[in-house]
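Please look over the structure shown here before reading the notes that go with it. The notes are arranged by topic, and each point can be followed with the structure open beside it.

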Amino acid sequence: MASTSTIPALPVADALYDRALGHLPGGNSRTTLFVAPHPPYATSGRGHVLRDADGREVIDLQNNYTSLIHGHAHPEVTEAAARALHAGASFGLPTEHEIELAELLSQRVAIADRWRFANSGTEAVMVAIRLARAVTGRDAILRFEGCYHGSADAVVQHGARGVPQGVKDDVVTVPVGDEAALVAALDAHGDRLACVVFDAMPNRAGLRPADPAFVTLLRTETARRGILLLWDEVLTFRAGLGGLQGQYGVEPDITTLGKIIGGGLPVGAIGGRAEIMDAFDPRRDDAVGHGGTFSANPVTLAAGTTAMRLLDATAIDRLNALGDALRERLAAQGWTVTGQGSLLRVHVPDATALWWRLWAKGVLISVNGLLCLSTPMDEDTTAAVADAFESLDQE
Ligand code: PMP
């Protein structure tokens, strides 16, 4: 934990946390946001600046775990969401918004001409696994060690409490990037595997882009065994117009999106080719069920469509160049930094200490060392971030 001298006084947050402890286990609702002794509280944000309840303004490189690609309260995204909200928060009928976002995503994701919308990346992965099981008639899945795909039973980390043995029995785990272990596992379990769940740059496993040769092997070896490749692009879709899968030039069978495609509101999506996705077609007697009171919520989808239109190729290229330059500058200062483009991860032995030291300098990152850029940032912003890191070195 950070020494208390690096933690700024947070009288308002302390009081809020005391109140929270009486009603929320550990004082909040998201395990992934906790930083000891307790996090500050956010009150508002504009562009790349977040303001906390104690009045501190910080450069936000956390961006709600990378989902705020246009930063906070982008005027056009906010306007789109507000317009949709004024027309009615949600309906028990479909709306044109889901058609619009599906059309836009189909133009960008080569393999996906059909989409289903959900409320989170977790839900998207969960439903995509159900789809893979239904289509293949197989129960097991293969995943890679240490990678995060949300909190559904089948994909939480090895040994997680509360996961039934029956679920664990159907999960095969292979070390990240290990070709021999992958082929051995496919040889041993191939005929019972519905899908391989894959993230080409998994944050929790270090945010290192997969070796293209590994990805090609994965595609070839799954295809020849009739195993679906589920490419989880929830975190990495910001990498390019067609996400990371577009860069690798490999065609998965199913993909999951989330985060940036909701304009900052709760979202998840499952995409794929018609012959797979049409398993959801409710006109079929054997349709795979997928509902959700708030799935394809019009406010989310209106905000998301606007956010995605604003994120054109020029915006992505600019953001990636800015991220690459920041990574180089931090590396030159001696930090171990991984990632690609606008996603960066700083590796330190004590991530909590780094978190508080940066907070004290006016920079917000994720508690696991993940940083991401947003379109309101420019060279001045990343220079300020690099200066904050540099000043830590000299402390
Ligand atoms: N898959 C990946 C690769 C993710 O990074 C995340 C979230 N960090 C998820 C799935 C789960 O998404 P959500 O938090 O929206 O449930």
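This briefing goes from the domains to the sheet, then to ring pairs and single residues. The structure is a predicted model. The protein is divided into domain 1, made of residues 4-69 together with 313-393, and domain 2, made of residues 75-310.

**The two domains**

- The centres of domain 1 and domain 2, taken over C-alpha atoms, are separated by 26 Å.
- Where the two domains meet, 23 residues of domain 1 are in contact with 19 residues of domain 2.
- Between them, domain 1 and domain 2 bury about 1,800 Å², and 56% of this area is on carbon and sulfur atoms.

**An open sheet**

- Four strands form an open sheet in the order S1-S2-S3-S13, and the pairing in this sheet is mixed.
- Strand S1 (42-46) and strand S13 (363-364) are the edge strands, since each of them pairs on one side only.
- Strand S3, which covers residues 57-60, pairs with S13 in the parallel sense over 2 bridges, and isoleucine 59 stands opposite valine 363 in S13.

**Aromatic rings**

- A search of the whole structure finds 8 aromatic pairs, and one of them is formed by phenylalanine 144 and phenylalanine 214.
- The ring centres of phenylalanine 144 and phenylalanine 214 are 5.8 Å apart, which is within the 6.5 Å needed for a pair, and their planes stand at 70 degrees, which is over the limit of 60, so the pair counts as edge-to-face.
- This pair links distant parts of the chain, because phenylalanine 144 belongs to strand S5 (residues 140-144) and phenylalanine 214 to helix H8 (residues 212-223), 70 residues apart.

**Glycine 242**

- Glycine 242 is placed in the loop between strand S8 (228-232) and helix H9 (243-248).
- Is glycine 242 buried or exposed? Its relative accessible area is 12%, which is under the 20% cut-off, so glycine 242 counts as buried.
- Leaving aside residues up to four places away in sequence, glycine 242 touches Arg108, Glu233 and Phe237.
- Glycine 242 and tryptophan 355 are 113 residues apart in sequence, and their C-alpha atoms are 32 Å apart in space.

**Backbone angles to notice**

- Most residues other than glycine have a negative phi, and most peptide bonds are trans.
- The peptide bond from alanine 36 to proline 37 is cis, with omega near 0 degrees, and proline 37 is found in the loop between helix H1 (11-21) and S1.
- Asparagine 64, although it is not a glycine, has a positive phi of about 40 degrees, and this residue is found in helix H2 (residues 63-66).
- The relative accessibility of asparagine 64 is 30%, a value between the cut-offs of 20% and 50%, so asparagine 64 counts as partly exposed.
- Lysine 259, in the loop between strand S9 (254-258) and strand S10 (268-272), also has a positive phi, near 45 degrees.
- With a relative accessible area of 23%, lysine 259 is partly exposed.

How values were computed:
Residues are numbered from 1 along each chain as its sequence is written. This is a predicted model: local features need pLDDT of at least 70, side-chain atom pairs count only at pLDDT 80 or more; totals for chains, interfaces and linings use all residues. Side-chain values use heavy atoms; hydrogens and water are left out. Rings of Phe, Tyr and Trp (its six-membered ring) pair if their centres lie within 6.5 Å; planes under 30 degrees apart count as stacked, over 60 as edge-to-face and the rest as tilted. Two strands pair if DSSP finds at least two bridges between them. Domain bounds come from an automatic or database domain assignment. Contact means heavy atoms within 4.5 Å. Buried area is the accessible area (1.4 Å probe) that two parts lose on being put together, summed over both. Buried means under 20% relative accessible area, exposed over 50%, partly exposed in between (1.4 Å probe, protein chains only).
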